[in-house]
Structure formats: C-alpha cells, structure tokens
Amino acid sequence: MSNGVEYFMNAPAGFTANPALVSNSVTWTNGGNIPSSAYGTQFVVQTSPNLLTWTNVPAGRLTTNTNSSLKYTLPIGAGTVFARLVVTAN
C-alpha cells in the first residue's frame, strides 16, 4: 500500500493490508489526517476495467464519504472493475 493511503488511513508505516471487497463494496478507514471535504483534491477513488486506464469516481457515486470512512460500491453488471484509492496529500 502506498504511503499516501497509509497516511489517509492513519496506519503505521510498514505493511498495511488493502481493504477487502465486502458485499460488492470497498471501505477505507479515514484516520482523520485528511478531511472528507478534500475528496477530489487530496484523495479520490478510481476505477479501471484493465488496470491500465483509470477514471476518477465522482463524489456523488460514493456510498459513504465521512471523516471516519470512505466507501465505494462497485456497479453490478459492469463486468470486471478494479478500484483503488489515490492520495495526493499536501
């Protein structure tokens, strides 16, 4: 996991496991280092059909974006979809 995502999750440096897919959703813990209002500027969820081309998920498509968690539910019937969290903290 990248240092930026560990920072977002407020996880200790070193090995931090990626969150698992549960009921077609991915949930990242927001450890409070970056406010939820920074979505789109300091962090963003991206999706890809092939791990090569990535597209930002608009804030309105998130299931949850609070100061304690960020949750994205993958679209049903869309075929193969990968999701990742990208953090560009200042």
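Here are a few notes on the nonpolar core and the aromatic rings.

1. Ground rules: this is a predicted model, with local features needing pLDDT of at least 70, side-chain atom pairs counting only at pLDDT 80 or more, and totals for chains, interfaces and linings using all residues. Residues are numbered from 1 along each chain as its sequence is written, and side-chain values use heavy atoms, with hydrogens and water left out.

2. The largest nonpolar core has 18 residues. Core here means buried Ala, Val, Leu, Ile, Met, Phe, Trp, Tyr and Cys joined through side-chain atoms within 4.5 Å, with buried being under 20% relative accessible area (1.4 Å probe, protein chains only). Phe8, Trp28, Tyr39, Phe43, Val45, Leu70 and Leu85 touch the most other members. Two or more residues each come from α1 (3-9), β1 (25-29), β2 (43-48), β5 (69-73) and β6 (82-87); these are DSSP runs (helices H or I, at least four residues; strands E, at least two), numbered from the N terminus.

3. Now the rings: there are two aromatic pairs (centres within 6.5 Å; planes under 30 degrees apart are stacked, over 60 edge-to-face, the rest tilted). Phe8 and Phe43 have ring centres 4.9 Å apart and planes at 50°, so they count as tilted. That pair bridges helix α1 and strand β2, 35 residues apart, and both partners are buried.

4. Tyr39 and Phe43 sit with ring centres 5.4 Å apart and planes at 80°, so this pair is edge-to-face. Both are buried, and ring pairs link Phe8, Tyr39 and Phe43 into a cluster.

Methods
Buried means under 20% relative accessible area, exposed over 50%, partly exposed in between (1.4 Å probe, protein chains only). Rings of Phe, Tyr and Trp (its six-membered ring) pair if their centres lie within 6.5 Å; planes under 30 degrees apart count as stacked, over 60 as edge-to-face and the rest as tilted.
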